Amino acid sequence: MLRILNPASHSVIREIEEETPASLRRKYEEAREAQPLWAAIPGTERLAAIRRFRELLETHAASLADTLTEEMGKPIKQSRSELAGVLARIDFFLEHTQSTLADETVLDDPGEKLTERISHEPLGVIANISAWNYPYFVGSNVFVPALLAGNAVLYKPSEFATLTGLAIEKLMRAAGIPKGVFAAVIGAGSVGAATLKLEVDGVFFTGSLAIGQKIAAAASKRMIRTQLELGGKDPIYVCEDVDIAAAVAGVADGAFYNSGQSCCSVERLYVHAAIHDAFVEAFVAEVKGYRMGEPMDEATYIGPLARQPHIAYLKHQVADARAKGAKLLTGGKSVPGKGNYFEPTVFSQVNHDMLLMREETFGPIIGIQKVNDDAEAVRLMNDTEYGLTAGVYTRDGERARKILAQVHAGSAYWNCCDRVSPRLPWSGVGHSGVGLTLSTYGIQAFTRTKAWHLRAV
Ligand code: NAD
């Protein structure tokens, strides 16, 4: 039995039966049966169904945002903006799927009577094993293009976003998407592992490195399409020529939005020595101004963390940094009483011996390190096993391009951070993942590309 707890109060919201081996097998078989029929209908009908799903999301956005906040603690304004943002992502897929997946003739040679063509076929039944931190974003990046491309989806929401996963399934059904074509698979990690024992044709995972490695190992046995969108240790370098107030506001928001529980949260900050002290002072003042509280309160910016056990890990990072000589400027501890609250925390005088500059924090903690020049900043930014995003703040576009050309990351930011665009591919290098979502490449990702060599006689 899965107990859904409110992270702000620890009260039980609901108890829900997890999948059993039999229920999971039934969902898989229904998906296997439904998928060829779904792939055979005209693409315009799949588009119409997803358009209806999008309309339902928009109609019910307020109550869906309430559910998300209640079960994972995201401040209500941030839940509403996730619901608004997902519509734009769906619009991108609605607009671009047909042209992206259209057959392409790459050679038509009447003399040789030879035609060469490329087509895109659905993978079949895919498993979408998902994270809780942005369930609408990370879920829809996968299941929307997968469905539009003609796949059936077994969608396993995180156990910390189960009610949201069930709400998504309900809206899919109301939009006319058949039961076998999209099914939520309910449960914790063991249910995710059991899903991978079914004969699925692909696995699209969003989550931590440790679980991603298990997924890759399980998937490799059957050689199925595998995509892993994992964590990050995302750096920002602030040059000496910036408007300090504007840079502080942007970077602090990038570090603390969603209480730092974003894959692309700013997790390391390098500041040029010429402005370091002034920047740090303004940064700490900004963070001290953040309002922590009840997530349903409109004024709250920092809510509780989704997972109670994670507080012990954050404490461990704080203790490690202090023991190694970091200077704690604000925060540094959990808040006594009910709820998974951890104070927004800023350290200066950090270095790469400290866990908080090496391991993903996934919480409201940031370390600020002084650097003397661009070369040192680039070296430190690349001193990580992750590579999701990296950014630079400077007025000088040429300097930014030179720095960003050298960083090992899937996304490069100039004077912005913690940003995702449906038009751009979302990917990581190294321990941040394999494969990509979003953009037209993230539509093709849900297909098998077939080469046709056609010689008339
Ligand atoms: P997690 O790895 O703990 O869980 C992710 C999913 O995997 C959940 O649905 C979970 O139930 C399932 N799972 C757990 N054990 C499993 C197993 N053995 N086999 C199959 N499935 C299993 O991650 P999380 O706490 O949900 O999410 C946080 C992590 O996700 C962070 O590291 C974050 O950076 C990352 N993330 C990455 C992106 C991205 O786009 N790169 C986006 C969001 C989150």
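**Salt bridges and a helix pair**

Modeller: Asp91 is partly exposed, with a relative accessible area of 31%; partly exposed lies between buried, under 20% relative accessible area, and exposed, over 50% (1.4 Å probe, protein chains only). This is a predicted model, where local features need pLDDT of at least 70, side-chain atom pairs count only at pLDDT 80 or more, and totals for chains, interfaces and linings use all residues. Residues are numbered from 1 along each chain as its sequence is written, and side-chain values use heavy atoms, with hydrogens and water left out.

Colleague: Which residue meets the side chain of Asp91 in a salt bridge?

Modeller: A salt bridge here is a side-chain nitrogen of Lys or Arg within 4 Å of a carboxyl oxygen of Asp or Glu. For Asp91, the N to O distance is 2.6 Å, and the partner is Arg54.

Colleague: How many residues apart in sequence are the parts that Asp91 and Arg54 tie together?

Modeller: Helices are DSSP runs (H or I, at least four residues), as are strands (E, at least two), numbered from the N terminus. Asp91 lies in helix α4 (residues 76-101) and Arg54 in helix α2 (residues 43-59), so the parts tied together are 37 residues apart.

Colleague: How many salt bridges does a search of the whole structure find?

Modeller: One of them joins the side chains of Glu82 and Lys74 at 2.8 Å, N to O. Another set forms a network linking Arg25, Glu29 and Glu199. Over the whole structure, the search finds 23.

Colleague: How are α3 and α4 oriented to each other?

Modeller: The axes, lines fitted to C-alpha atoms over the stretch in contact, have angles that run from 0 to 180 degrees between N-to-C directions. Those of α3 (residues 61-72) and α4 come within 8 Å and cross at roughly 130 degrees. Angles under 35 degrees count as roughly parallel, over 145 as roughly antiparallel, 65 to 115 as roughly perpendicular and the rest as oblique. The two helices are therefore oblique.
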